[in-house]
Amino acid sequence: MKPIVAIVGRPNVGKSTLFNRLTRSRDAIVADYAGLTRDRHYGNAKFDGREFICIDTGGFEPIVKEGILREMAKQTLQAIDEADVVIFLTDGRSGLTRHDFDIAETLRKRGRPVVLAVNKTEGMALTGVTSVFYELGLGEPHPLSSAHGDGVRSVLEQVFQNL
Ligand code: GDP
Ligand code: MG
């Protein structure tokens, strides 16, 4: 069985862009607006000769009717439980949000190994941008640019170390 790696994070952080890069396909929909990729989406990925299955998740139900309680989509929770490792993607340009903390809390509860990545950091002063993400309590934040490819290797090395 190939290992399964799920990419999770709030809408628009670049999950589908990373999925496309890892699977080198256009199967995952990349959109400028939040919430378009609704379903779990599987793809075959290969890096340094190692094969794995990648899941692009549609993110999280944006806001429950009450407006305060945010809930992960059931499918995203299933993807997390299915995964051997989760890549938790955050956005170095928008910074840390409440939603990131909620996701971090859920990931801690589910108990899967998590690799924390800070996306969209191309051209930015890396240590300054990523250090605040230590606050999520999920270990070292890895700078990444899904769009340009910077940092993909170190994120995947971290993933493989957890397999
Ligand atoms: P998702 O909702 O998490 O799946 O996010 P998408 O992959 O659809 O990307 C959301 C937006 O962020 C799109 O406009 C992407 O082009 C942009 N984006 C994704 N990765 C990067 C990146 O590494 N750097 C920058 N600057 N933009 C990115
Ligand atoms: Mg998407």
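Student: Which residue in E4 does alanine 6 stand opposite?

Tutor: This is a predicted model, and in it strand E1, residues 4–8, pairs with strand E4, residues 85–91, in the parallel sense over four bridges. Alanine 6 belongs to this pairing, and the residue that stands opposite alanine 6 in E4 is valine 86.

Student: In E3, what is the bridge partner of valine 5?

Tutor: Strand E1 also pairs with strand E3, residues 50–56, and here too the sense is parallel, with four bridges. Within E3, the bridge partner of valine 5 is cysteine 54.

Student: How many of the five residues of strand E1 are buried?

Tutor: In the order of the open six-stranded sheet, which reads E2-E3-E1-E4-E5-E6, strand E1 is written between E3 and E4. Strand E1 is largely enclosed by the rest of the structure, because the number of its five residues that are buried is four.

Student: Which strands stand at the edges of the sheet?

Tutor: The open sheet has six strands in the order E2-E3-E1-E4-E5-E6, and its pairing is mixed. An edge strand here has a single partner strand, so one side of it is left without a neighbour in the sheet, and the strands in that position are E2 and E6.

Student: How many bridges join E2 to E3, and do the two run parallel or antiparallel?

Tutor: Two of the pairs can be named: alanine 45 has phenylalanine 52 in E3 as its bridge partner, while asparagine 44 has isoleucine 53. E2 and E3 run antiparallel, and the number of bridges that join them is seven.

Student: What phi does aspartate 48 take in the hairpin of E2 and E3?

Tutor: Most residues other than glycine have a negative phi. Aspartate 48 is not a glycine, yet its phi is positive, and this residue sits in the loop between E2 and E3. Aspartate 48 counts as exposed, because it has 8 C-beta neighbours inside 10 Å. In this hairpin, which has two residues between the strands, the phi of aspartate 48 is positive and near 50°.

Student: Which residues of H2 are exposed on the face turned away from its buried side?

Tutor: The buried residues of helix H2 include Thr76, Ala79 and Ile80. These cover an arc of only 100° around the axis, which puts them on the same side of H2. The buried residues of H2 pack against E1, E3, E4 and H3. On the face turned away from that buried side, the exposed residues are Lys74 and Asp81.

Student: Why do the buried residues of H5 line one face of the helix?

Tutor: In helix H5, residues 152–161, the buried residues are Val155, Leu156 and Val159. Seen down the axis of H5, the buried residues fall within a limited arc, so they line one face of the helix, and that arc is 95°.

Student: What covers the buried residues of H5?

Tutor: The other side of H5 holds the exposed residues Arg153 and Gln161, so to speak of cover is to speak of the face lined by the buried residues, which fall within an arc of 95°. What covers those buried residues includes E1, E2, E4, E5 and E6.

Student: What pattern does the protein follow when read along the sequence?

Tutor: The protein has five helices and six strands, and 40% of its 163 residues count as buried. Read along the sequence, these elements follow the pattern β-α-β-β-α-β-α-β-α-β-α.

Terms used. Residues are numbered from 1 along each chain as its sequence is written. Chains are lettered from A and ligands numbered from 1 in the order in which they are written. This is a predicted model: local features need pLDDT of at least 70, side-chain atom pairs count only at pLDDT 80 or more; totals for chains, interfaces and linings use all residues. A residue is buried if 20 or more other C-beta atoms lie within 10 Å of its own, exposed if 12 or fewer, and partly exposed in between; C-beta atoms are placed from the backbone. Two strands pair if DSSP finds at least two bridges between them. The arc is that of the directions from the helix axis to the C-beta atoms. Two residues are in contact if their C-beta atoms, placed from the backbone, lie within 7 Å.
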